[in-house]
Amino acid sequence: IYFMKMIIVAAGQCTRLRPLTDNKPKCMVEYNNKPIIDYILDVANECNIKDVAIVNGYKKDILEEYLKDKGCVFFTNQEFDKTNMVSTLFHAKEFMSDDIIISYADIIYKSKILKKLMASKEDFSVVVDENWRELWSLRMESPLEDAETLKVKGGNIVELGKKPNSYNEIEGQYIGLIKISKSALPKFIKFYETLDKTKIYDGQDYDNMYMTSLIQMVIDNVMNVTPVFINGEWIEIDSVEDINAYNKKGIKF
């Protein structure tokens with residue numbers, strides 16, 4: 001049997017989603033009367049991923065109570081308000097055996113996207129939406145201002161997460177879904193843990209490093225990172241305006 005695990009990084013509060021996050025974590029915010037976390041867990045289940053860890057933080061008791069019958073393993077980032085996503089992810093370090101999928105907790109995606117990522121044979125793969133502009137245009141006046149660079153060369157990502165000067169520097173957007181193979185995990189973990197904790201990484205200290213900064217350093221120092229291309233069929237929920245825009249457009253999952 002082919003085992004695969006999933007870690008859902010769900011420690012944040014997201015002030016831009018207030019008042020929806022006043023009494024519950026971001027991943028429990030509802031889209032079409034269903035919490036984001038339920039969409040993710042349903043897709044994982046559909047893809048036969050039974051081993052799911054959730055790294056919580058903000059309003060953790062509410063999340064754990066809500067999911068108490070789902071068979072998830074919980075880890076907690078107590079310093080969720082002072083740290084960023086990478087730091088949150090590594091609270092689940094002991095869970096990192098077998099191939100793992102890492103999912104942000106503010107995205108909703110079709111099961112075929114997860115299946116496509118699971119099918120990747122590469123050591124480190126990330127989902128990249130080539131049709132990103134359609135989604136960004138729904139959400140904001142100027143997509144270029146919010147988007148990040150993503151450049152591919154020879155089938156591998158060579159740059160991501162920087163501020164683009166033009167649309168030419170964006171071959172797609174990283175959506176917050178990663179797969180790392182079991183054999184590559186020790187190298188990935190060791191690399192992160194041996195980074196200089198006093199250094200600043202893309203304007204952030206070690207504890208607040210962006211995931212894209214870490215992925216870029218993995219590309220530059222450790223191993224290839226491969227894009228798994230998709231065309232839409234996912235959303236990111238980062239603000240009340242996002243929810244309103246998707247509802248207006250009638251996007252369903």
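Modeller: Helices (H or I, at least four residues) and strands (E, at least two) are DSSP runs numbered from the N terminus. This is a predicted model, in which local features need pLDDT of at least 70 and side-chain atom pairs count only at pLDDT 80 or more, while totals for chains, interfaces and linings use all residues. Residues are numbered from 1 along each chain as its sequence is written, and side-chain values use heavy atoms, without hydrogens and water.

Lys59 sits in the loop between strand E4 (51-56) and helix H2 (60-66). Although Lys59 is not a glycine, its phi is positive, about 50°. With a relative accessibility of 32%, Lys59 is partly exposed (buried is under 20% relative accessible area, exposed over 50%, partly exposed in between; 1.4 Å probe, protein chains only).

Asn33, likewise not a glycine, has a positive phi near 65°. Asn33 belongs to the loop between E2 and strand E3 (34-35), and its relative accessible area of 71% makes it exposed. Most residues other than glycine have a negative phi, and most peptide bonds are trans.

In the loop between strand E1 (4-10) and strand E2 (30-31) lies Pro19. The peptide bond from Arg18 to Pro19 is cis, with omega about 5°.
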